[in-house]
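These are my notebook entries on one structure. I record what I looked up, in the order in which I looked.

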Amino acid sequence: MPGKIIAVHLNYPSRIAQRGRTPEFPSYFFKPASSLAPTGGTVERPAGTELLAFEGEIALVIGEEARWVSPEDGWKYVSQVTAANDLGLYDLRAADKGSNVRNKGGDGFTPIGPVTIPTDGIGEGDWRVRTWVNGELVQNDTSDTLKFPFGQLVADLSQHMTLEPGDVILTGTPAGSSVLLPGDVVEVEVDAPTAPGAPTTGRLVTTVTQGETEFGDFGNRPAVNDLQRVEAWGSEDEHAAAVAAGRATPLDGTGAATSAAANAGTSAAANGADASPLTPEIRELLSGVAVATVSAALRKRDYTEIFIDGVYPNHEGDTILGTAKTLRFIPFRPDLFKEHAGGFNAQKRAFDTVNEGEVLVVEARGVPSTGTVGDVLALRAQVRGAAGVVTDGGVRDFAAVQQFDIPVFSQGAHPSVLGRRHVPWETDVTIACGGAAVQPGDIIMGDRDGVIVIPPFLLAEVAAEAAAQELEDGWVADRVAEGHAVDGLFPMNAEWRARYVAETGRG
């Protein structure tokens, strides 16, 4: 029995592309030992649930104690490889807020086996995982494609805890994960087809049964919405096909989940990001501080290319302050638009998953003759509590968007619909907006002068300096209003500085 079962959220590029969010580093969750199950068993879909999903995975078995090992050496600590099925209930994702305790911790939710393969003489990139549902091959990918190789996973985890012999690491699932119904049979096989003898685990077989006991009202009850349905089935098109086949519940217009934490692997959760540096104290410091003043503090630190140029607010007097969530468009191409713009595309995902206090920043390549935001999407961002939207493209339905409270900074109005100049491509990645580099989690600040990007690690010192400078500038303005000349006053010479200190008590 393993002491720890540790699972990776996103790892295969095929799954990352499907999800539309790219983690910078691996992120993890634990599964209880009681979730383990052998091949040939059953797994129960609890009563009152809809979205039990399979995830075929390569499982690593640690062979010797690993602590503070390097990525180059990490693979050496893996003694065996086997197949696993990381089953989960999307109905309980929102309740778990990213921990996956309930949605992936059920009895039998981690079938593993049937046999293990010794890793001697086999490289970390030589493995393949395949999954069948009712005899149809639905997943097929190899470990040489992984964003985070096996050695990196071992090394990263060993920074935080001692990996012990017998511990199991589930390394992520490729595209093709979908929903199971009672009566379905799912099979997972891991092999090393290019290694001598082409060793294989054989097929890990699990049959789905229907549970009869419903969850009580003394804890979170299952709940689903359209976003969970689409993500559980894999895409909007796959969900629609399942509806047509009588295997899925149609979308009902309930929209996205109520928090990004419901979507394990979103930018902040997937990257293990800390809480926003925009604390109440820093917000108070920046209250009333001009963007121009903050930009001057950044310039002193050699940050000069931090302006999102050419954008203006949809309401006179609007200000904006929040952490960045990013969306990237690429130039239009018919085949790419056909493949990436339909269904629950990156644009919809961005607006459906933006969180309270976040600013959705859109890279539209500085093309004003595009409608990158419209009334429905702007309203969705407002309902989700977004701090604003910034796009270096145009805004469609401009008059309607002006009626909303949410600040929207753009290059102005344009009536075009999606597909004239752009393809919605990806979210939660580093982008270039209005000539400025923007990373998820950067601080976005804007007023009538424009919008700037503040690196999070500079926020506290820049905010303190800018707030002090704003007070000083106000005192100088009062002196000018009294009739004093600006020479020697702006900036202050020693005489004026001494008077300022004496009158205000500030240095």
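Predicted model: local features only at pLDDT ≥ 70, side-chain atom pairs only at ≥ 80, totals over all residues.

**Entry 1: basis and cavities**

How many cavities of 30 Å³ or more does a search of the whole structure find? Residues are numbered from 1 along each chain as its sequence is written, and side-chain values use heavy atoms, with hydrogens and water left out.

The search finds three such cavities. I take a cavity as a set of points, on a 1 Å grid over the protein atoms alone, where a 1.4 Å probe fits but cannot get out; a pocket is an open set with protein on both sides within 12 Å along at least five of seven lines, and lining residues have an atom within 4 Å of a point. Grid points are joined across faces, edges and corners, and a volume is the space filled by probe spheres set on the points.

The largest cavity has a volume of about 190 Å³. Its lining holds 19 residues, and R15, R19, E55, R93 and K104 lie nearest the centre. I sorted this lining by class into seven nonpolar, five polar and seven charged residues. Here Ala, Val, Leu, Ile, Met, Phe, Trp, Tyr, Cys and Pro count as nonpolar, Asp, Glu, Lys and Arg as charged, and the others, Gly among them, as polar. Helix α1 and strand β8 each supply at least two residues of the lining; helices (H or I, at least four residues) and strands (E, at least two) are DSSP runs, numbered from the N terminus.

The second largest cavity has a volume of about 60 Å³. Twelve residues line this cavity, with R19, R21, R349, T353 and T427 nearest its centre. Both α5 and α11 give two or more residues to that lining. By class I find two nonpolar, four polar and six charged residues.

**Entry 2: the second largest pocket**

I then turned to the second largest pocket, whose volume is about 630 Å³. It is lined by 28 residues, and A17, Q18, E339, H340 and R349 are the closest to its centre. The elements that each supply at least two lining residues include α1 (13-19), α10 (334-340) and β24 (422-427). The largest share, five residues, comes from α1. The lining divides into eight nonpolar, ten polar and ten charged residues.

**Entry 3: sheets**

I looked up an open sheet of five strands, in the order β4-β15-β14-β10-β11, with mixed pairing. Strands β4 (41-47) and β11 (136-142) stand at the edges with a single partner each, so one side of each is left without a neighbour in the sheet. Two strands pair if DSSP finds at least two bridges between them. Strand β10 (residues 128-133) runs antiparallel to β11 and is joined to it by six bridges; V129 stands opposite D141 in β11.

A further open sheet has three strands in the order β8-β5-β13, with antiparallel pairing. Its edge strands, β8 (88-89) and β13 (179-180), each pair on one side only. Two bridges link β5 (residues 52-53) with β13, and L52 has L180 as its bridge partner.
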